[in-house]
Amino acid sequence: MKIDLFLQARNGSKRFPRKIFSKLGDNTCLEFLVNRIINTRYINNLIILTTKKKEDDSIVSFCKKKKIK
C-alpha cells in the first residue's frame with residue numbers, strides 16, 4: 001500500500017532562519033529529506049506544504065525545479 005506524504009517546510013524560524021536550506025553534507029536539509037522520501041517504496045506522492053510569505057518563495061522554486069507538488 002502506498003501513501004501520500006505531506007512535508008511542511010518554511011524559512012521563518014526565529015532561532016534558525018532558513019534551516020531547511022542549511023547544508024547537510026553535500027545537500028541541503030530539504031534535498032536530503034526529499035531524496036530519502038522519494039527513494040522509499042511506500043510513498044505514492046510527496047507534497048511539500050509552505051506559507052505564502054515572500055521568504056518561502058525559495059521553497060516554491062525548489063519544488064518547481066524538482067517537479068514536486
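Residues are numbered from 1 along each chain as its sequence is written, and side-chain values use heavy atoms, with hydrogens and water left out. Because the model is predicted, local features need pLDDT of at least 70 and side-chain atom pairs count only at pLDDT 80 or more, while totals for chains, interfaces and linings use all residues.

Helix α1 spans residues 29-38. Helices are DSSP runs of H or I with at least four residues, strands are runs of E with at least two, and both are numbered from the N terminus. The buried residues of α1 are Cys-29, Leu-30, Glu-31, Val-34 and Ile-37. Here, buried means under 20% relative accessible area, exposed means over 50%, and partly exposed lies in between (1.4 Å probe, protein chains only). The cover over these residues of α1 includes the strands β1 (3-8), β2 (23-24), β3 (27-28) and β4 (43-49). Helix α2 (57-66) is also part of that cover.

In α2, the buried residues are Ile-59, Phe-62 and Cys-63. Seen down the axis of α2, they fall within an arc of 95°, so they line one face of the helix. The arc is taken from the directions from the helix axis to the C-beta atoms. An α-helix has 3.6 residues a turn, so residues three or four places apart point the same way. The buried residues of α2 pack against α1 and β4, where contact means heavy atoms within 4.5 Å. On the other side of α2, Lys-64 and Lys-65 are exposed.

Each of these helices holds a buried cysteine, Cys-29 in α1 and Cys-63 in α2. Cys-29 counts as buried because its relative accessible area is 19%. For Cys-63 the value is 8%, so Cys-63 is buried too. A disulfide is a covalent bond between the sulfur atoms of two cysteines. The search used a cut-off of 2.5 Å between the sulfur atoms, and it finds zero disulfides in the whole structure. The closest cysteine sulfur to that of Cys-29 is in Cys-63, 15 Å away, and therefore too far for a bond.

Side chains of opposite charge can pair when their charged atoms come close. A salt bridge is a side-chain nitrogen of Lys or Arg within 4 Å of a carboxyl oxygen of Asp or Glu. By this rule the count is one. Asp-57 pairs with Lys-54, and their closest N and O atoms are 3.6 Å apart. Lys-54 lies in the loop between β4 and α2. Lys-54 is exposed because its relative accessible area is 71%. Asp-57 has 32%, so Asp-57 is partly exposed.

The surface also carries a nonpolar patch of Leu-24, Phe-32 and Leu-33. Together they have about 240 Å² of accessible area, computed by the Shrake-Rupley method with a 1.4 Å probe; for residues, only the protein chains shown count as cover. Patches join residues with over 30% relative accessible area and no salt bridge: like charges within 9 Å, nonpolar side chains (Val, Leu, Ile, Met, Phe, Trp, Tyr) within 5 Å. Leu-33 lies in α1 and is partly exposed because its relative accessibility is 33%. The C-alpha atoms of Leu-33 and Lys-54 are separated by 23 Å.

Two residues other than glycine have a positive phi: Arg-18, near 60°, and Lys-67, about 60°. Arg-18 is partly exposed because its relative accessible area is 43%. Lys-67 reaches 78%, so Lys-67 counts as exposed.
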